[in-house]
Amino acid sequence: MQQVPSTHVRHPMWPIYLCVAVTALGIGIINPLIPHLLEQNGANEFIVGLSTSVMFASLVLTGMPIGRTIDKFGIRLFLIVGLISYTVAMLAMPWTHSIPLFFMWRIFEGIGWSCVWTAAETYVSRVSSPAQRGHNTAVYGMSLASGTAAGPIIGTAVYEWTKNPVHPFLVAVAAAIIATVIVVLVVPEPHVHHTEQESGGVSFKITRPLILPLAIAFLYGYGTLSLVSLLPTLNYSNWELGTLISVTVIANIVAQVPIGRMLDRYGYRPLLIGSLSLLSAAALFSTLHPPFLLTLFLGMLLGAFAGTLYPIGLAVLAARVPPAKLGGASGMFTVCYGLGSFVGPALTGGVMSMVGAKHSDQALFGTIGCLVLALLGLMMTGIDRVNVKEEHPVSVASSGIKPPM
């Protein structure tokens with residue numbers, strides 16, 4: 001029998017959303033500056049790319065152990081440890097002139113990111129009732145998207161104003177310190193009663209129920225990081241590229257909460273099938289070299305419905321996993337996102353190189369579209385249906401519950 005957190009303790013969600021937004025903000029602030037810092041210390045393009053791979057590799061390798069440890073020692077501790085690790089890395093990187101030492105700080109950054117994300121996802125999943133789950137995971141996704149979008153804008157503005165590459169890092173550090181203090185002062189530990197059957201992390205018995213949410217996490221990481229990394233290499237002018245990215249990001253942010261409310265009302269399956277159908281159609285249609293105005297519309301669809309995959313996957317995960325095992329399951333979710341983020345740009349970039357510059361846009365959108373279509377095909381065969389008791393969402397309208405922010 002699944003146990004729920006005590007109803008006598010209020011579990012505020014906004015500090016969790018803040019933690020996720022802060023880490024995403026920091027990554028967006030510093031990523032454009034890292035090539036400049038490394039090249040100043042004699043690094044070539046390979047070393048620059050490898051530094052990002054090292055960060056994602058540390059996230060992938062630590063996600064599952066962190067998740068299992070969260071189940072034993074609690075969420076709050078890992079939110080604090082993750083933010084501290086992330087802050088130390090941000091503070092040290094601009095002053096580091098040794099390439100191996102810089103890589104060590106990138107590993108610390110990845111570990112901090114893994115701690116914060118896995119703990120935050122576990123918290124949201126554990127304290128959300130079925131009637132609130134879609135809304136809460138959608139606001140989580142909106143926080144992630146907003147931080148990611150705001151990071152490069154803030155980092156560039158600070159650098160242009162001060163002409164000092166250290167100052168954007170200090171902005172990321174200040175935001176992380178504020179988030180850490182808020183967690184210490186505001187966030188309580190959500191307790192669950194462990195039974196002998198539930199203890200010990202994610203077991204082999206529930207591997208099949210996890211296939212769908214883990215596949216969604218991999219697909220989200222693969223698609224979003226491929227687009228972010230490789231879209232600038234396509235034959236768009238700077239104005240067209242900036243407009244396309246802006247439309248995509250805005251649609252991603254705006255769509256989150258409405259989709260979350262629909263998830264609470266109708267359940268994941270019709271919403272996911274609809275999102276995957278529109279995503280695959282938009283991606284595959286983009287391979288036909290449509291006029292730019294139509295490309296903007298397709299970019300809006302890609303942003304809106306790609307952004308919904310992460311909260312849908314997280315909501316499905318929470319519905320299928322007992323509260324006492326959510327740490328390990330969230331760790332696996334983070335690992336699959338990291339694997340997709342690691343594999344996507346390299347594999348899709350390789351396909352683009354093979355077909356040449358003339359067909360690189362077809363390779364980019366076609367690869368992503370076919371991957372989305374494959375998951376849609378598997379869902380139509382019923383692979384997502386499992387013999388496990390799920391906490392199905394309750395209609396918000398019929399329950400009378402208004403999900404809180």
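Predicted model: local features only at pLDDT ≥ 70, side-chain atom pairs only at ≥ 80, totals over all residues.
Local features required pLDDT of at least 70 and side-chain atom pairs counted only at pLDDT 80 or more, whereas totals for chains, interfaces and linings use all residues. Residues are numbered from 1 along each chain as its sequence is written, and side-chain values use heavy atoms, with hydrogens and water left out.

The protein contains 14 helices and zero strands, where helices (H or I, at least four residues) and strands (E, at least two) are DSSP runs numbered from the N terminus. Of its 405 residues, 57% are buried (under 20% relative accessible area, with exposed over 50% and partly exposed in between; 1.4 Å probe, protein chains only). Among contacts (heavy atoms within 4.5 Å) with a separation of 6 or more, 87% join residues 24 or more positions apart.

Two packed helices are described by the angle between their axes and the distance between the axes. Axes are lines fitted to C-alpha atoms, for helices over the stretch in contact, and angles run from 0 to 180 degrees between N-to-C directions. The residues in contact include Ala 21, Ala 24 and Gly 28 of helix 1 and Ser 143, Gly 147 and Gly 151 of helix 6. By class, this contact has twelve nonpolar, seven polar and no charged residues (Ala, Val, Leu, Ile, Met, Phe, Trp, Tyr, Cys and Pro count as nonpolar, Asp, Glu, Lys and Arg as charged, and the others, Gly among them, as polar).

For helix 10 (residues 268-285) and helix 13 (residues 360-380), the axes come within 8 Å and cross at roughly 150°, which makes the pair roughly antiparallel. Among the residues that meet are Leu 272, Leu 276 and Leu 279 in helix 10 and Phe 365, Leu 373 and Leu 376 in helix 13. This contact divides into 15 nonpolar, four polar and one charged residue.

Aromatic pairs number 13 (rings of Phe, Tyr and Trp, its six-membered ring, with centres within 6.5 Å; planes under 30 degrees apart count as stacked, over 60 as edge-to-face and the rest as tilted). The ring centres of Trp 117 and Tyr 337 lie 5.1 Å apart with planes at 45°, so this pair is tilted. Trp 117 belongs to helix 5 (residues 99-127) and Tyr 337 to helix 12 (residues 326-355), 220 residues apart. Both residues, Trp 117 and Tyr 337, are buried.

Terms used
Parallel < 35°, antiparallel > 145°, perpendicular 65-115°, else oblique.
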